[in-house]
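Please open the structure in a viewer and keep the selection tool at hand.

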Amino acid sequence: MAPSATQPTLHDEYVHVNAYNKATQQRDPNARNFWGESIKKFWENMFPTTGALGGAIWASIDEVFESPNGSKGYGKWGIIDGWRRDKPEFWLTKKAYSPIRITDAPVVNPGSGNTLQIPIKNWFDHTNFNEISFNWSAGSDSGSITNLNIAPHGNGTLVIPARNWQNGDILNIKAVKSSKLFDEYNLHIGTPVKTFPAVQGPAPTVTQDASSITVSGTNFSIVFSKTTGQVTSGTYNGSTIIVGGPRINLAPVDLPAWSLSGISQSVQGNQAVISISGAYGTMGANFTVSVDGAGLVTTGYSLTNPIAGAKETGVIYDVSGSVDRLSWDRKGLWSAYPADHIGRNTGVANKISGNNDTYRVKPTWSWSQDMKDFFLFGSGDNGGRGTNDFRSQKEYINFASAIMSGSNNRLRAESDGSAAVRMEVNKNWIDDKDSSITYSGAWTAYTEAGDYKGTEKYSNTVGAYAQYTFTGTGISFIGPKNNNLGTADIYIDGTLAQSDINLNASSKNFQQVLYSNTGLSNGTHTIKVVVKSGYVVVDAFVPSGGSSTSIAMAINNQWGYDDLDWGNYETAITVPSGYSNTVKMRLTDNDSYSVAYNPVTVTTNDNTTGTGNNQFNYVGSWSYYGSQSGAYQNDNHYSNTTNNYFQVAFSGTKIQWYGAKAPNVGIAAVSIDGGAEINVDQYASARSDNVLLFTSPTLSSGSHTLKVRVTGTKNASSSATVLTADRVDVTN
C-alpha cells in the first residue's frame, strides 16, 4: 500500500550500500559513487510524499575486521569504513539528505548589475533558514546572507547581491551553522558547451612495410602490426604512450583470444583510415581507426554475436606503464564534492599514492588513496592496481587524460559528456591453465565465474603440488577461500617459506591473495604450492618486480551497475548483434578545450508577481482565473480597462509574450524599454490559450523591460477588448 496520511510507511532497510557485489567492487571502485544515484532518487521521492516516514541505510560502518588470521566480516556495507574514514557514500548521503534544496544546475546569467535570484526549499523539520548562514563567492566577490526567513518545509528565494555577472563564473554557496557545513553548491553562470578541435589537415603520412603500417603526423606516429591488427606503439613528442589496442571492452567478460582476419589502410580527406577486422572466438569485431594530421584518433567499432554478460561496452587502448596520473573533467551527480572524492567533477588522480598500506595498521590517508584492499583481495594483498581514485571509472566525461610520468604528454579521451573512462592496470597474472605452471599429482580443472578467466584447478591429494618459475622480485599466489578448503605449504626456490596457509573461510571469496612475497632478489625464482590438508585451489600466480605493467584505458559508450541489489536503483546495458559506436581520443600535451554558452530560455508564469526580474508587475485592475484549460499552468490574468498594463523586467537578449487568442479579446500595445509601441491583435474566431503573441527583436545583453498595455480597441469581429497574460519566455 502506498504511503498516505492514514497509512504512514517506514522504509526500513533501504539503499543498501555495496556489499555483496565483490567482483564489481574489485574491478571498479566507482560502484560506490554510482550508489549516490540510488539514495538521491529515493529521498527526493520520499520526502515530499505524505505518509513516507523515511528509511534506514544499511549500514553506517563496514563490518570488516582485520584479525590476526585473516580479514573477517560480512562486507563493506558502511558509508564509513572500519577505520572510521569517510567512504564515497558518506558525502553522497550528506548531499541526498541535505535540507538545503537548490536545483543543482547552471543558472541563467542575470546580467551585469543585477541580483541573482535562486529558488530554494527548506527541508528542515524544525529549523528556519534565518538560523543558517549562506556564504557565497563568485570571482573576487563574496558575502554572507544571514537573514533568509524561510520556515521549515517552506520555499523562497536566495538573493545574491548585484555584481558584474559573466558567463563562466562559478557561484559557490556554503550553508553553514556554527562552522558546521550543511551543504555546498558550485553553480555555473550560463550553461557551458565544451568542444574540442574537429578533424584537422593536412592528412598524416601513411607508410608500410611487410610487417606494419605507420601513420605519421605533427609530433606523433602510430604503428599498427599487420600480424595482429594492434597498435605496437603510439608516440607523441618522443614519448611512447600507446602500447596496444584497439580492443573491445565488454568487462567483466574475459574475451577469447583475438584473431585478425584483415587490415588495410587508406587516406580519406584529412584522415588516414586503418580498417581492421577479426574475431574474439565466435564474436566478430570490426574497427575503423581514423587519424587526422594533428593526432585526433577516432575509433569506430561494430560487433556481431556479442558475448553475454557485459557491464561495459567500449574500446580499450593500452597505455604505457609510465602513465602515472589521470586528469579529467566531467558532469557529476552534484556540483560540489570534497577534494579527495572519487566522483569529483574535475581532478587529477595519481596512480601511486606513496602510502604504505599495511594489514592491521590504521591508514592515515583518505579512502581514495588506498592501493590495497585486505577484505576484497585478502590479507596478503600485494596491491599493484593503483589508487582507488585512479582506477575508479569517471562517468560522463568531457575529457579524461592518461598522462606520462615526468612530462605533460598524454592520451586524452574526448566526449560530449556521454562517455566514461576507466583505468585498469593490466594483469600480468598467470592463469591456472597456463602451460608454464607444472602440476604434480591429481588435479581437477573446474569452471567458476568468480575465478580469474573463469577457471581454477583443485586437489585434495596430500603432497600434490603446483609449481611456477618466474623472473622478478616478488610473487603472489591467487586462489579462493571457502568453507570446504584446507591448508597448503609454500616453497620458494625449494625452501619452505610458509607452512599451513589456512584457505578456509565461512563463505567463498574469489581471487584472494593467499600468499605474497615481495622481498626476493631480482632474478629467476620458483614457487611451489603443496597440498597439506583438505582441498587446495590454484587460480593464478602473479609475478612482480619486472618491467612496468601497461594500463588498459577503457573508453566506454555504455556502462551499467546492475548488482547493487537489495532494492537499489540499478542500470543495465544491452549489446545486440550489430551494435556499433565510436570513441575519440587525442595524442597531445594539454587538456585545453573551447567553451561556448548557448542561449538559455526561462519561462515565467503569469501568477509569478512582483517588481523584480522575471516577475509580472500588474498596474491597474486585473483579474486572475486559475482554472483555464489549455493555459500555461492552467491560469491567466486579464483586464479590459483602457491603459491598464503589465510589465516584466528581465535580463537577456529576447522576450516572448504568450496569452489567449479568442473571440472577445482586443488589441494590445507592446513596447520594450519605453520605445515605440507595436499593436498586437489577439482576436481569433475560436479560443486558443498559451499562444505566442509577441516576440521581441534581438536585444543587447543586459536589463530590459517588456510593457503590454490595454488599448481599449479591438478587431471589428471581436466582442470585447480584453487583454490576457499567460506567460513570458526570456532568452539569455
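The stops below cover salt bridges and then a set of paired strands.

The model is a predicted one. Across the whole structure, a search returns 35 salt bridges.

**Stop 1: Lys 95 and Asp 183.** Select these two residues and display their side chains. They form a salt bridge in which the closest N and O atoms lie 2.8 Å apart. Lys 95 belongs to helix H3 (residues 88-96), while Asp 183 belongs to strand E11 (residues 180-188); the pair thus links distant parts of the chain, 88 residues apart.

**Stop 2: Arg 163 and Asp 169.** A salt bridge joins Asp 169 to Arg 163, with 2.9 Å between the closest N and O atoms. Both residues are buried.

**Stop 3: Asp 489 and Lys 532.** Select the two side chains, which meet in a salt bridge at 3.5 Å, N to O. Asp 489 sits in strand E33 (residues 487-492) and Lys 532 in strand E36 (residues 523-533), so the contact ties together parts that are 43 residues apart in sequence. Asp 489 has 8% relative accessibility and therefore counts as buried, whereas Lys 532, at 34%, counts as partly exposed.

**Stop 4: a network of four residues.** Select Arg 27, Glu 312, Arg 422 and Glu 424 together. Salt bridges that share partners join these residues into one network.

**Stop 5: strand E25.** Select residues 394-404, which make up strand E25. Ten of its eleven residues are buried, so the strand is largely enclosed by the rest of the structure.

**Stop 6: strand E26 and the hairpin.** Seven bridges join E25 to E26, and the two strands run antiparallel. What phi does Gly 406 take in the hairpin of E25 and E26? The hairpin has five residues between the strands, and Gly 406 takes a positive phi near 75°.

How values were computed: Residues are numbered from 1 along each chain as its sequence is written. This is a predicted model: local features need pLDDT of at least 70, side-chain atom pairs count only at pLDDT 80 or more; totals for chains, interfaces and linings use all residues. Side-chain values use heavy atoms; hydrogens and water are left out. Helices (H or I, at least four residues) and strands (E, at least two) are DSSP runs, numbered from the N terminus. Buried means under 20% relative accessible area, exposed over 50%, partly exposed in between (1.4 Å probe, protein chains only). Two strands pair if DSSP finds at least two bridges between them.
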